[in-house]
Amino acid sequence: MAERISVCFFFVFVLSLIASLPKQISADESAEGKEFVLTLDHSNFSDTVSKHNFIVVEFYAPWCGHCKKLAPEYEKAASILSSHDPPIVLAKVDANEEKNKEIASEFDVKGFPTIKILRNGGKNIQEYKGPREADGIVDYLKKQNGPASTEIKSADDASAFIGENKVFIVGVFPKFSGEEFENFTALAEKLRSDYDFGHTLNAKHLPRGESSVSGPLVRLIKPFDELFVDFQDFHLEALEKFIEETSVPLVTIFNNDPSNHPYVIKYFNNPHAKAMLFINFTSEDFDSYKSKYHEAAEQYRQDGLSFLVGDVEASQGAFQYFGLKEDQVPLIVIQHNDGKKFLKPKLEAGHIPTWLKAYKAGEVQPYKKSEPIPEVNNEPVKVVVADTLQDIVFNSGKNVLLEFYAPWCGHCKKLAPILEEVAVSYQNDADVVIAKLDATANDIPSDTFDVQGYPTLYFRSASGKITHKNKQLLSKKEKKMSFEKASSCRRG
Ligand SMILES: *[C@@H]1O[C@H](CO)[C@@H](O)[C@H](O)[C@H]1NC(C)=O
Ligand SMILES: *[C@@H]1O[C@H](CO)[C@@H](O)[C@H](O)[C@H]1NC(C)=O
Ligand SMILES: *[C@@H]1O[C@H](CO)[C@@H](O)[C@H](O)[C@H]1NC(C)=O
């Protein structure tokens, strides 16, 4: 459930923002209908792959829309890359075909399309993490096909390779040999799809940092915080950890600036508890909040807490998700991986450290998203909100049938008059409550109720037994109910 929530959150927050439409490239009719993308199947996959030092394989399914959209772009990229020196081969496998399913599972294909880069005759497998339009595919694959780390021979090289807005990792060495250099190169190979690497004999070429160093040393150049960090431990594990940790900002910025989005994705993918400060970036006191928040981040980052600051202007999705209102800003919310949340609305800059301290000490009560408690609740079907769940469902000592619904869900709308009818028929029975809860506007205790779709029905007996009701069962008991076959809306 926690995972579902974070995935959903990720969607609301990030995907809608970042899924910029692929450039519409008029896929030029490939010459005389010649196909550049190789078709592979179970009969010739291993054979073909083993003959290539570098081959790209797309696993697709014929019915998959994203695959159909990718196809002309992939074909165009294959045609361009066929004249690269050396040629880069793109292939595809229909992973939906029964006979190819073994290959697909060997490559851990979970969704479509999945693209893998196979090196060394298939001995090294790497996830394709590049764009999905032809030019982007070409650029990405050219880079992946070259050495994992590029030599920087001049300041011009440095400015050409080290972008303004990206993390770049440079190894400074007195010579390009020895164990340090080998470890650096091996790690560059391992992490090449996530970061850009370079190596140099002369730190003077680099745009930042002490230029008189001769190495061996690794300098991570980044567009935020300290702007560069040096590191001299060449143990593979230590070096990898250094890169993972220093390549994310101390405080991730969430606003409408696309150059921040890769860090936002990293932020939501990391396994830590997440602290998020939502504030109006153009308000006068933003800077004082920012500095207090940075200090707090310095202090608590070691404790497994990751920090983000979000501009109200860009955070409607988050506000909806957490059930927050814009007039509550500046506000801070901390979310644990199990979904538990802690909230402080109308926070003053000076109170950031004290509130975090109280949170760390376990003195802050978890926050629950709830609709307001209805003032009148005398319809046959009772309205339950998160704040009345205890009273009406758990502590009432009655038999409660509770429907979890979503306002937009058509199947719930169809169920409504039936539920109403049932409720009316029980109206004179003081031991029975028929109730409904809007699961999009109220937090539900996920350890008690498993709500994967709408409507979901639960029955809590007066003695406290909780059972998930499927509609067929109900309809047997309640002759009046005529539920339709397996009809429900998906959650989120
Ligand atoms: C692999 O086999 C399939 C089916 O026999 C064929 O369509 C395809 O062209 C073959 N691919 C190669 C590269 O030989
Ligand atoms: C290279 O990495 C390996 C594995 O972590 C380590 O045993 C070795 O000491 C490293 N070499 C240097 C010079 O740090
Ligand atoms: C943020 O602050 C600016 C300047 O004070 C104001 O014009 C703007 O309306 C505010 N935005 C929101 C979403 O409150």
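Predicted model: local features only at pLDDT ≥ 70, side-chain atom pairs only at ≥ 80, totals over all residues.
The shell around ligand 2 divides into two nonpolar, two polar and three charged residues, where Ala, Val, Leu, Ile, Met, Phe, Trp, Tyr, Cys and Pro count as nonpolar, Asp, Glu, Lys and Arg as charged, and the others, Gly among them, as polar. Residues are numbered from 1 along each chain as its sequence is written, and chains are lettered from A and ligands numbered from 1 in the order in which they are written.

The residues that surround ligand 2 are E179, E180, N183, F234, H235, L236 and E237, a residue being near a molecule if its C-beta atom, placed from the backbone, lies within 6 Å of it. Helices here are DSSP runs of H or I with at least four residues, strands are runs of E with at least two, and both are numbered from the N terminus.

Now to the other two ligands. Ligand 1 is surrounded by L38, T39, L40, D41, S43, N44 and T48, and the largest share of that shell, three residues, comes from strand β1, residues 38-40. By class, the shell around ligand 1 has two nonpolar, four polar and one charged residue. Around ligand 3 we find N280, T282, S283, V312, E313 and E326, which divide into one nonpolar, three polar and two charged residues.

For the protein as a whole, there are 15 helices and 22 strands. Of its 492 residues, 30% count as buried, where buried means that 20 or more other C-beta atoms lie within 10 Å of the residue's own, exposed means 12 or fewer, and partly exposed is in between, with C-beta atoms placed from the backbone. Among contacts between residues at least 6 apart in sequence, 71% join residues at least 24 apart, a contact being two C-beta atoms, placed from the backbone, within 7 Å.

Let me turn to helix α3. Its 17 residues, 65-81, should span 24 Å at 1.5 Å a residue, and because the end C-alpha atoms are 24 Å apart, the two values agree; the expected span is 1.5 Å times one less than the number of residues. Even so, α3 has a kink of about 35 degrees at A71, shortly before the proline P72, the bend being the angle between axes fitted to the seven residues ending there and the seven starting there. Among the buried residues of α3 are C67, L70, Y74 and L81, and the buried residues of this helix pack against β2 (54-60), β3 (89-94) and α5 (134-145).

Which residues does F176 contact, leaving aside its neighbours within four places in sequence? They are F181 and H199. F176 is found in the loop between β7 (168-172) and α7, and it counts as partly exposed because it has 15 C-beta neighbours inside 10 Å. The C-alpha atoms of F176 and L201, which are 25 residues apart along the chain, are separated by 7.8 Å.

Strand β20, residues 456-460, is mostly covered, with four of its five residues buried. It pairs in the antiparallel sense with strand β17, residues 399-405, over five bridges, pairing being called when DSSP finds at least two bridges between two strands. In that pairing, V400 stands opposite R460 in β20. Four bridges also join β20 to strand β21, residues 466-469, again antiparallel, with L457 opposite K469 in β21. The hairpin of β20 and β21 has five residues between the strands, and G464 takes a positive phi near 105 degrees there.

Finally, some backbone details. Most residues other than glycine have a negative phi, and most peptide bonds are trans. A cis peptide bond joins D85 and P86, with omega about -5 degrees, and P86 is found in the loop between α3 and β3. Another cis peptide bond joins V329 and P330, with omega about -5 degrees. D108 has a positive phi near 60 degrees and counts as exposed because it has 11 C-beta neighbours inside 10 Å. K346, not a glycine, has a positive phi of about 45 degrees, and lies in the loop between β15 (341-344) and α12 (352-360).
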